[in-house]
Amino acid sequence: KGHREAIAAAALLKAQGASYSMLFVGDAQGRDGYSQELATLIAAASLDGQVMMVGHCDDMPAALALADIVIAPSNLPEAFGRVAAEAGAMAAPAIGSSIGAQGEIIADGATGLIVPPANHEALAAAMSRLLAMGPDGRRAMGHAALLRVRERFTTSALQKATLAVYEGLTGQAR
């Protein structure tokens, strides 16, 4: 999911004097070695207390709603960018990768930002851009993300889109 790049981006932002906190929310899901690697990277970059792995969250909607920015810089394509969609549903702007479905969920520059995968410099620049927008700018972008999710990614919207594909293939309108 791009944790290594997020840590490297956080180190760049820290070197530039940016003030922020970054939380990695979620369980290790049996990947204890990976979690230890991330903790080592955080410590090596002197980001303890600024980048924190907080573990499991019982209320992800609340966590996403409290976020100023949600990042999901995946390095591998995803069939559906769930993190970006969930962030949008909670009116939080997201930064996602240009591979997989995140580009369909995030309207680059309008509801969030898209960056190349495995590119911590681009991720840092995107994070800096959203931080520089201030709370009002991020709130406006998050509201646009919410409207996009409601328009395109609700159960009803996805059902209608699927039926439209079937109707187009069969030539029969409902």
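Asp136 and Arg139 are both exposed in the predicted model, where exposed denotes over 50% relative accessible area, buried under 20%, and partly exposed the range in between (1.4 Å probe, protein chains only). The two side chains meet in a salt bridge with an N to O distance of 2.7 Å, a salt bridge being a side-chain nitrogen of Lys or Arg within 4 Å of a carboxyl oxygen of Asp or Glu. Both residues lie in helix 7, three residues apart, about one turn of the helix. Helices (H or I, at least four residues) and strands (E, at least two) are DSSP runs numbered from the N terminus. Residues are numbered from 1 along each chain as its sequence is written. As the model is predicted, local features need pLDDT of at least 70 and side-chain atom pairs count only at pLDDT 80 or more, while totals for chains, interfaces and linings use all residues; side-chain values use heavy atoms, with hydrogens and water left out.

The structure holds five salt bridges. Among them, Glu78 and Lys1 pair at 3.2 Å, N to O. This pair links distant parts of the chain, with Glu78 in the loop between strand 3 and helix 4 and Lys1 in the segment before helix 1, 77 residues apart. Lys1 is exposed, at a relative accessible area of 53%. Another salt bridge joins the side chains of Arg4 and Glu37 (2.6 Å, N to O). Here Arg4 in helix 1 is linked to Glu37 in helix 2, 33 residues apart. Arg4 is partly exposed, with a relative accessible area of 38%, and Glu37 is partly exposed at 30%.

Arg148, in helix 7 (residues 134-152), is buried yet has no salt bridge; Glu151, the nearest side chain of opposite charge, is 6.2 Å away. For this assignment Lys and Arg count as positive and Asp and Glu as negative, with His and the chain ends not counted. Not counting residues up to four places away in sequence, Arg148 touches Glu104, Ile105, Ile106, Ala107, Thr111 and Phe153, contact meaning heavy atoms within 4.5 Å.

One aromatic pair is present in the structure. Phe80 and Phe153 form this pair in an edge-to-face arrangement, 5.9 Å centre to centre and with 65° between the planes. Rings of Phe, Tyr and Trp (its six-membered ring) pair if their centres lie within 6.5 Å, with planes under 30 degrees apart counted as stacked, over 60 as edge-to-face and the rest as tilted. Phe80 lies in the loop between strand 3 (70-72) and helix 4 (82-89) and Phe153 in the loop between helix 7 and helix 8, so the pair ties together parts that are 73 residues apart in sequence. Phe80 is partly exposed, at 39% relative accessibility, whereas Phe153 is buried at 18%.

Leu13 is placed in helix 1 (residues 3-15) and is buried, at 1% relative accessibility. Its C-alpha atom is separated by 8.4 Å from that of Met127, 114 residues apart along the chain. Contacts of Leu13, not counting residues up to four places away in sequence, include Ala18, Tyr20, Ala124 and Met127.

Most residues other than glycine have a negative phi. Ser46, not a glycine, has a positive phi of about 55° and lies in the loop between helix 2 (32-44) and strand 2 (51-55). Ala91 likewise has a positive phi, of about 65°, although it is not a glycine; Ala91 is found in the loop between helix 4 and strand 4 (94-97).
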